[in-house]
Structures are given as structure tokens and as C-alpha cells.
Amino acid sequence: MAGFQPDGTRNLFGFREGAGNPDAADPRLMDEHVWVQPGDDEPTWCVGGSYQVVRLIRLAMPSWDAEPVEVQERVFGRSKDTGAPLGQVTEHADPGYARDPGGRRIALDAHIRRANPRTPDSEAHKILRRGHSYRMNPSDCGQIFVCYQRDVELGFATIQRRLAGEALEKYLLPFGGGYYFVLPGSDGDYVGKGLMSWNVR
Ligand code: HEM
């Protein structure tokens, strides 16, 4: 299955992707949320690697395309045009959930609010998403959801549980995927070198 990005940053539902990702240029954030660290409950050859979760999700395009833009925006909690959280002007603006406890501006079951409620507790549950779209034929297209994290339970699994019952759910049909481990690599060394040395010791 070949993946693509329809216009760089938008998915097949027409919404911009990526705003809620932690900044991949910030090594502190990447160490905290993406790369396995020394002292984690893992063999040493895992340090510097990352858990990858892949999900194949078919999108119900006819139902989605039949919805007015306001409904689509309510489902995600973001503007379709700018990608800004509803009620804000810029894509990276804080959604301001504390000022909207009842969900009048951004619904309580909106995708971004469920995925990241931005409470002190949810800080530990960050993932780095790097998805693609796929199109097998006119009636089968969707999302190759891919994310990376230091710990699958703290990352994908917790977020996926929070998404159960979200407004987006009725437009999605997950049909495959898996959990993988991406071996560490560094300049001048081959990928997974630590695993090989560990094997022969
Ligand atoms: C086909 C399914 C999905 C679609 C179309 C989709 C689309 C989106 C869009 C448009 C955004 C807002 C922009 C952004 O922050 O990137 C978003 C945010 C997000 N999504 Fe998804 N998503 C899907 C599935 C998932 C799944 C399975 C997870 C994890 C279990 C997930 C986790 C997140 C997270 C963590 C955010 C950032 C929220 C924030 O920080 O405000 N998404 N998604």
C-alpha cells in the first residue's frame, strides 16, 4: 500500500495535520516523549530507538463529504481553512479549554480535545504523528496513521482509549496495523548496532 500526502499537510478529509505535534526540533521534547531513554525498563540496545504504532484507517468519504463544513469543524475542533482551534486565529494557538469547560466553542467529544485535553495530567501522553493518506480505489481510501513514542502505553494506547466515543469515530473504519520498534541509529554507525553486539556477548 503506497502512502501519500494530498497537498503536503492536509488529510483526505481536507484538514491540516501536524499542529498538535511536539516540536521535532526540540531534543528535550523528543527525549521526553519519543526516544527510549537509559533507565527505561528496556534492554540497553533499545536506548535511542522508538516504538512505532501503525493503524490503517479507511475513511467514510461519502458521509464526510455530505457534512457541512461547520459540522466537520465541530468534529475536529479546528477551522478547516486555517487549522486554528475553533475561536482562535492561528494554528498553533492554545485551544483554551479551561475557558470553555462545557464545550460550547470546542465540543467535549471533538477529536483534538479528546486526543489532547491539555491538562497537567495529559502532558505525559504526547506522541509524534507522521501519517500518510492512501487510495486503493475510489471506494477505499484513508489514513495510514503512524506515530512514534517512548512508551506505547503512555502514548498511543492512552490516547486511543480517550478517543473512544469521539465525534470522528463514525467516519472511520480501522482495519489493520501493528506495533513496531524502530532501532536506534547514529552518525557513522549502522542501525541497530547495539542489538548485534548484545547478541554475540
Ligand atoms: C483517520 C484518522 C485520523 C484523522 C483523520 C486525524 C486527524 C487529525 C487532525 C486533522 C488533527 C488536528 C491537527 C493536528 O494537530 O495535527 C489531529 C490531531 C491529533 N490527533 Fe488525530 N486523526 C486521526 C486519528 C488519530 C489517532 C488514531 C490518534 C491517536 C490514537 C490521533 C491523535 C491525535 C493527536 C494526539 C492530535 C493532537 C491534538 C492536540 O494536541 O491538540 N489521531 N488529528
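First, the ground rules. The model is predicted, so local features need pLDDT of at least 70 and side-chain atom pairs count only at pLDDT 80 or more, while totals for chains, interfaces and linings use all residues. Residues are numbered from 1 along each chain as its sequence is written, and side-chain values use heavy atoms, with hydrogens and water left out.

What donates to the iron atom of the ligand from the protein? A single donor: His111, through NE2, 2.1 Å away. Donors here are N, O and S atoms within 2.8 Å of the metal (3.2 Å for Na, K and Ca); water is not among the atoms, so sites may look incomplete. His111 lies in helix 4.

Now the shell. There are 24 residues around the ligand, counted when a heavy atom lies within 4 Å. Gly18, Gly20, His111, Arg118 and Arg129 come nearest. By type, the shell has 12 nonpolar, seven polar and five charged residues; Gly counts as polar.

Which elements supply at least two residues each? Strand 2 (50–59), helix 4 (111–115), strand 5 (140–149) and helix 5 (153–163). Helix 5 gives the most, with four. Helices (H or I, at least four residues) and strands (E, at least two) are DSSP runs, numbered from the N terminus.

Next, polar contacts, meaning N or O pairs within 3.5 Å.

- Gly20, backbone N or O, at 2.7 Å.
- Asn116, a polar side-chain atom, at 3.0 Å.
- Ala19, backbone N or O, at 3.4 Å.

That is the site.

Notes
A polar contact is a pair of N or O atoms within 3.5 Å; within protein, one must be able to donate a hydrogen and the other to accept it, and residues adjacent in sequence count only if both atoms are side-chain atoms.
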